Amino acid sequence: MEFIDLKAQQKRIRTRIEDRFKQVLDHGRYIMGPEVRELENQLAGFVGVRHAITCSSGTDALLMALMALDIGPGDEVVTVPYTWISTAEVIALLGATPVFVDVLPGTFNMDPDLIEGAISPNTRAIMPVSIYGQCADMTRINNIAQKHNLPVIEDAAQSFGATHHGLRSGGLSTIGCTSFFPSKPLGCFGDGGAIFTDDDTLAEKMRQIRVHGQKVKHQHPLVGINGRLDTIQAAVLLEKLAIFPEECRLRHEIGRRYDELLADISELTIPEIASGNQSVYAQYTVLTRDRDSLSASLKAEKIPSVTYYTKPLHLQGAFADLGHAAGFFPIAEKIARDCLSLPMSPYLSFEDQKRVAAGILSHQQERYEQTASESIA
Ligand SMILES: Cc1ncc(COP(=O)(O)O)c(C=O)c1O
């Protein structure tokens, strides 16, 4: 069993991808070839926004979004400590300060109740993360942002395809950023990402930043980056996007099946999906106090599992200058201590899901027996 089965997907569409590769090799426009624009049109339609701007990675998508908002030294951006480092890294990279607020214990996403306490006169944006494939509470976050006249950047790196009250992740706020890293719900064969917005001015600025600040060749009124998506990756994504709505449906079904299989295992807390949300389960992540022993026991049964973010960002050396200590963000710290992600992909069979559940059950049984014999001794 694979943790994320990319091979099954490749097998399904390999010929179509090879045909796309041939087309790229034939026209030879490896940078900003026609596939890039074709993909951007399709992505904008899928997300339901006016502009989709493809780019070199999810990290660069976030970076360009912040650059377009002119965020820099002295500015603060409210975000979460329980995420991949890119989210706060890009804020720090621009000389601004990430201001962390804790996450909710059920969804692992930004706790909207804590946002206003973190807003100061220096706050320039709010950057929630839609973690593990489920949107943050974008309705409440947008309302708070509107009250304070702040833009919202959704880090939708893990949630492309998810919906929040029927609207797609990425299209829920001022700017949405996603990643096409191979293991993401929509992944290419390397690094890639995209930015979404309805704002024409920001879109134009981000397109300019993507090519070293140029609108006209060799004129650089802005400082930008080399942030383009390769044509060959756009070609891959076009074929993957064609089957993506079906894959989202399969992910949803597989998530529900896990819920049913694992609901009665007292050792585990299964993921909570907030009302109005449909997750794409970039990860199916459970909480257990026995995480390391469960992971080892599953490994012995040849069942892969992964622990993401064992150390939240406020405790990372990269952010030591913020002066945070253990205990500052207790929910993020608890999730980091207890989380375990189980095998997940649209191609995970019911048989394999039953094997995962049986592996967890037998671990629980072993622990009971161990505890019982220890208490007798
Ligand atoms: C929440 C989050 N933000 C940002 C990123 C960065 O994406 P990329 O790896 O494409 O730069 C990731 C990727 O792992 C992510 O999970």
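Author: Around the ligand sit 16 residues, and the closest are Gly58, Thr59, Asp155, Ser179 and Lys184. To count as near, a residue needs one of its heavy atoms within 4 Å of the molecule. Keep in mind that this is a predicted model, where local features need pLDDT of at least 70, side-chain atom pairs count only at pLDDT 80 or more, and totals for chains, interfaces and linings use all residues. Residues are numbered from 1 along each chain as its sequence is written, and side-chain values use heavy atoms, with hydrogens and water left out.

Now for some individual atoms. Gly58 brings a backbone N or O atom to 2.8 Å from an oxygen atom of the ligand. Asp155 uses its side chain instead: an N or O atom there is 2.7 Å from a nitrogen atom of the ligand. The side chain of Ser179 also has an N or O atom 2.7 Å from a ligand atom, this time an oxygen. On its own the ligand has 390 Å² of accessible area (Shrake-Rupley method, 1.4 Å probe), and the protein covers 92% of that.

Which elements give two or more residues to this shell? They are helix 3 (58-68) and helix 4 (86-93), with helices taken as DSSP runs of H or I, at least four residues long, numbered from the N terminus. Helix 3 gives the largest share, 3 residues. By class, the shell has 5 nonpolar, 9 polar and 2 charged residues; here Ala, Val, Leu, Ile, Met, Phe, Trp, Tyr, Cys and Pro are nonpolar, Asp, Glu, Lys and Arg are charged, and the others, Gly among them, are polar.

Searching the whole structure turns up 2 cavities of 30 Å³ or more. A cavity is a set of points, on a 1 Å grid over the protein atoms alone, where a 1.4 Å probe fits but cannot get out, and its lining residues have an atom within 4 Å of a point.

The largest cavity has a volume of about 100 Å³. It has 14 lining residues, and nearest its centre lie Thr107, Tyr132, Gln134, Pro271 and Ile273. That lining divides into 7 nonpolar, 6 polar and 1 charged.

The second largest cavity holds about 80 Å³ of space. Its lining has 15 residues, with Leu6, Gln9, Pro185, Arg251 and Pro346 closest to the centre. Helix 1 (6-27) and helix 8 (231-262) each give two or more residues to it, and helix 8 has the largest share, with 3.

Key: A polar contact is a pair of N or O atoms within 3.5 Å; within protein, one must be able to donate a hydrogen and the other to accept it, and residues adjacent in sequence count only if both atoms are side-chain atoms. On a 1 Å grid over the protein atoms alone, a cavity is a set of points where a 1.4 Å probe fits but cannot get out, and a pocket is an open set with protein on both sides within 12 Å along at least five of seven lines; lining residues have an atom within 4 Å of a point. Grid points are joined across faces, edges and corners, and a volume is the space filled by probe spheres set on the points.
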